[in-house]
Each structure stands twice: as structure tokens, then as C-alpha cells.
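Let's take a walk through this protein, from its overall build to its core and its ligand site. Have the model open and follow along.

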Amino acid sequence: MSAPEPDSAVSAAPAESGSRTLQMTLVVCLVCSVVVAGAAVLLRPIQEKNQKADLIRNVVAVSGLLKEGLTEAQALKRIDARMVELATGDEVKGIDPDTFNIVKAGKDPEISTELTRREDVAGIRREPRYLPVYRIIGANGDMKKLILPVYGYGLWSTMYGFLALEEDLRTVQGLRFYQHAETPGLGGEIDNPKWRAQWTGKVLFDQNWKVQVEITKVAIDSSTPEAQHQVDALAGATITSRGVENLLKFWLSDKGYGPYLARLRHERS
Ligand SMILES: Cc1cc2nc3c(=O)[nH]c(=O)nc-3n(C[C@H](O)[C@H](O)[C@H](O)COP(=O)(O)O)c2cc1C
């Protein structure tokens, strides 16, 4: 009687189950990646819609219209968004301000220009050629306020916000940041309503339309003429505070909205 043949099925089992496990893992990975990629593609329009809604909500919030008693829907009807070419101050047709992505635009070499170290007061490296501006329209169609997107580097992050100017294009209605990564409790206090409230009524230009703004660690003496241009620095966050001052100086200068503001002043004189 010959010796029994070795059981090939038994000896191949561990190798086969190993390859089955690998196959299953690959299938699960593939399915998962298709689901994740599909979800990302399908959800992108919803995300973009939400981002846009959030942006407009911030424009409404900084406009002061809600404080005047308007509902968000009523306030929205008073906002007239336009695209502006920064270098000339001309309004630009053919670009939709509602879908224009400020964050992306500032990084896209196609529609932004590099700033020299000297020019880059706000620490943004590149500047978009165009940006949206938001006019708040009064009952008779006149511009009552102007809202400008502003941004610049703090300590840890680029701080994106909106500056609302009163009809005189000199006085602040509000300053509000909607995206940054400064430290909560320190630089993150730029979101503190008490700090934000200090901005309302501050004057950002002198009589010759030279930018005047200072965020100061020294107690503000309200009896001095400088007080109208001054805001308290955030405690323990001098660098973030300086970032806010610098970004305002940049965006109100000729490198920022200067040409557009000059055009509006001229139109209204
Ligand atoms: C963990 C940590 C987080 C900080 N976050 C900020 C910040 O968000 N903004 C800021 O200006 N300074 C921040 N600082 C403090 C700065 O390092 C720096 O000391 C400060 O800006 C100086 O401001 P002061 O003169 O008001 O103290 C942080 C410090 C630490 C240790």
C-alpha cells in the first residue's frame, strides 16, 4: 500500500485565504474611495452654496442693517454687489461677484499679481486683480454704505473679513472677520463683540484722505484728535492687532481700494 498523498487543498489554504483577504481589502478600499469621491463631487455645489450664503450673511452682519431693524431678507435686497479692478478702480462686468472666491483668487497666478516686500504691508504675498465690493443702497437708490473685503496676516493665519464704511467713505460702520486661525482667547478676540464694537464710528482717513488708523497698547485719550483713529490692542495679542492695523492700511491705500474710493469720492462731489 502506497503512502497517502499530501492533502494539497489543506496546504494551500493559508495562502488562498491571504489572497482573499487582500482582494476583499482592495474591493472595500475601492468602494470606499468611490463613495468618498462621489460624495465630495455631489456635495461640492451644496458646500459652495453654503459658503456663499455664509459670506453674504457676514456682509449683512457688518452692514449694520439688522441693527436698523431690517430682516435678513430685507437687508439682502439692499445689497448691490459689484466687481472692481483694484489698480484702476473701474467696475468690471462679466465676473459674477456672487461666485467669486476671494481666498482662491488671492492665490491664483492667473488673476493675481505678486507684491514686493515693501508693498506687502498686509502679508498676503499676492493681490487679486479684482475683488467684489458691496454697496448698501438706500430707499432712493443712493449708496448709503460701502462694504469692502479685507484680509491680511496675523500671527498664525490670514484673517479674512469685511470693513463697512459709512456714506462719507471715511467712518467705520463695522469690521468683522469671518475666517482666521488666531488663538482663541488671544488673537481670536478679534471676534469679540466688545472689541468689534470699538470700531464703529472710528475715522480711517484724515482731511487729506491719508489713511489714519492705529491699534494701540497705550490707553486712548478721548480728548485728543488722534482718538478718532485709535482702537485698543487686544490683550496678549499684539501681533494679531498689528496684523489688523496693517491690513486696513494696505486695503485703504492705493494698492488696495484707494483708486475705487477716489473714484466714488469724485462721483459724489
Ligand atoms: C500658545 C500661544 C498662542 C498665542 N497666540 C497669539 C495670537 O493669536 N496672537 C498674538 O498676537 N499673539 C499670540 N501669542 C503671543 C505672542 O507670542 C506674543 O507674545 C504676543 O503677540 C505679544 O503680545 P503682548 O505684547 O500683548 O503680550 C500666543 C502665545 C502663545 C504662547
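The protein chain has six helices and ten strands, and keep in mind that this is a predicted model. The chain is more spread out than a compact globule, because its radius of gyration is 27 Å, well over the 18 Å that the globule rule gives for 269 residues.

How much of the chain is buried? Buried residues account for 26% of the 269 residues. As for how the chain meets itself, take the contacts between residues at least 6 apart in sequence: 53% of them join residues at least 24 apart.

Now for the inside. The largest nonpolar core holds 47 residues, and Ile 147, Leu 148 and Leu 163 have the most contacts within it. Helices H1 (8-63), H4 (193-199), H5 (238-252) and H6 (258-268) each supply at least two residues of this core, and so does each of the strands S5 (130-137), S6 (143-153), S7 (158-166) and S8 (172-179). Zoom in on Ile 147: setting aside neighbours within four places in sequence, Ile 147 is in contact with Val 59, Val 62, Ser 63, Val 133, Tyr 134, Ile 136, Phe 162 and Ala 164.

Finally, head over to the ligand. Which residues surround it? They are Leu 155, Trp 156, Glu 182, Thr 183, Leu 186, Gly 187, Gly 236, Ala 237, Thr 238, Ile 239 and Thr 240. Sorted by class, this shell has five nonpolar, five polar and one charged residues.

Note on methods
Residues numbered from 1 in each chain as written. Predicted model: local features only at pLDDT ≥ 70, side-chain atom pairs only at ≥ 80, totals over all residues. Helix = DSSP H or I, 4+ residues; strand = E, 2+ residues; numbered from the N terminus. Rg over C-alpha atoms; globule rule 2.2 N^0.38 Å. Buried ≥ 20, exposed ≤ 12 C-beta atoms within 10 Å, placed from the backbone. Contact = placed C-beta atoms within 7 Å. Near = placed C-beta within 6 Å. Nonpolar A, V, L, I, M, F, W, Y, C, P; charged D, E, K, R; others polar. Core = buried A, V, L, I, M, F, W, Y, C linked by C-beta atoms within 7 Å.
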